[in-house]
Number of protein chains: 2
Amino acid sequence: MQELTIEEQQKFMRAALKEAGKAGAIGEVPIGAVIVHDGEIIGRGFNLREHAQDAIMHAEIMAIQEANRRLKSWRLEDCQMFVTLEPCPMCAGAIINSRIPQLYFGARDPKAGVVGSLYNLLTDERFNHQVEVHERILAKEAGEILQQFFRKIRAQQKARKKAAKAQQTKDA
Amino acid sequence: MQELTIEEQQKFMRAALKEAGKAGAIGEVPIGAVIVHDGEIIGRGFNLREHAQDAIMHAEIMAIQEANRRLKSWRLEDCQMFVTLEPCPMCAGAIINSRIPQLYFGARDPKAGVVGSLYNLLTDERFNHQVEVHERILAKEAGEILQQFFRKIRAQQKARKKAAKAQQTKDA
């Protein structure tokens, strides 16, 4: 399998960041993913958990399901996944189950990441598939999009609390 | 949360085995799952990977997505999952992500199970949710449905090889 150049890696991670932006724009935690086959994006996904009220709809899952439909196969051999954040157990498991050979991710997730942070599931040779992992692709941008989102959420919560307190004072 | 009686546990595992049978009947590896809420089944699923050519469509995922739709919530608090086989990383991760508090499973999966066999993901306190696990519920039945399936597959493969060899001898 051909190695991607640094320029290609950054191009596809930018596409994943664009997906993350779509999630952030509708108030979802901004995480995005794309799947690449022969240099072409064949699956895109962004986190839709809150809008869909569906626990499964993480960026990686949506991208894998679109790629499965495009290739008419559950096997995503010869594909690369690009995702802005280190995958959680569900998504790392989905990468194993779909036989994706290469993963490129942006920022680490110390709380739930299992591709280096809490576990190394993708290189465990007891499973029937192992994944070549590349991390810190546009890590600064991938981290910042999340930090900005949570900063905004905290500011909104603070403003809501302040407004509620002002209302209480007025009512008293 | 109320503990289920042995009779209730077996009743719901029988419902999961029925789902597994639906998979086996169409040539899929027979694994089935149900999700229970207030003593009622609100989600059912069976393995559909080959028919759908979709790597995500494991029994547990299908059951979680149906339960999410029924409760109009990604959070499956106060629910129990029953599944015939020990979950893989993807499905164990989905159980964490959907906040299911109790899991009952049938047979262990020494090759890919992460709820006792290769890992203990569901009781790892570093994740933001832990699951109470009960195993070996109707384990004999849960194991047998898989063994019968793979025995049948091997017999079919053997018959095909024999037929191909007979054809070669005839052609020679």
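By what turn and what shift along the axis can chain B be laid on chain A? A turn of 180 degrees and a shift of 0.0 Å, with an RMSD of 0.0 Å. That superposition is by least squares on the C-alpha atoms of residues with pLDDT of at least 70 in both copies. The two copies are thus related as by a two-fold rotation axis. In chain B, the C-alpha of B:Met90 is the nearest to that axis, 2.0 Å from it.

Some ground rules. This is a predicted model, where local features need pLDDT of at least 70, side-chain atom pairs count only at pLDDT 80 or more, and totals for chains, interfaces and linings use all residues. Residues are numbered from 1 along each chain as its sequence is written, chains are lettered from A and ligands numbered from 1 in the order written, and side-chain values use heavy atoms, with hydrogens and water left out.

Now the contact, meaning heavy atoms within 4.5 Å. Chain B puts in 31 residues and chain A puts in 31 residues. The same surface serves both copies: 100% of chain B's contact residues recur in chain A.

How much area is buried between chain B and chain A? About 2700 Å², with 61% of it from carbon and sulfur atoms. Buried area is the accessible area (1.4 Å probe) that two parts lose on being put together, summed over both.

Which elements of chain B give two or more residues to the side that touches chain A? They are α2 (49–52), α3 and α4 (89–97). α4(B) gives the most, five residues. Helices here are DSSP runs (H or I, at least four residues), strands likewise (E, at least two), numbered from the N terminus.

Last, the backbone. B:Lys72 has a positive phi, near 50 degrees, and sits in the loop between α3 (59–71) and β3 (79–85) of chain B. B:Leu138 has phi near 45 degrees, also positive, in the loop between β5 (132–134) and α5 (139–171). Buried or exposed? B:Lys72 is exposed at 69% relative accessible area, while B:Leu138 is buried at 10%. Buried means under 20%, exposed over 50%, partly exposed in between (1.4 Å probe, protein chains only).
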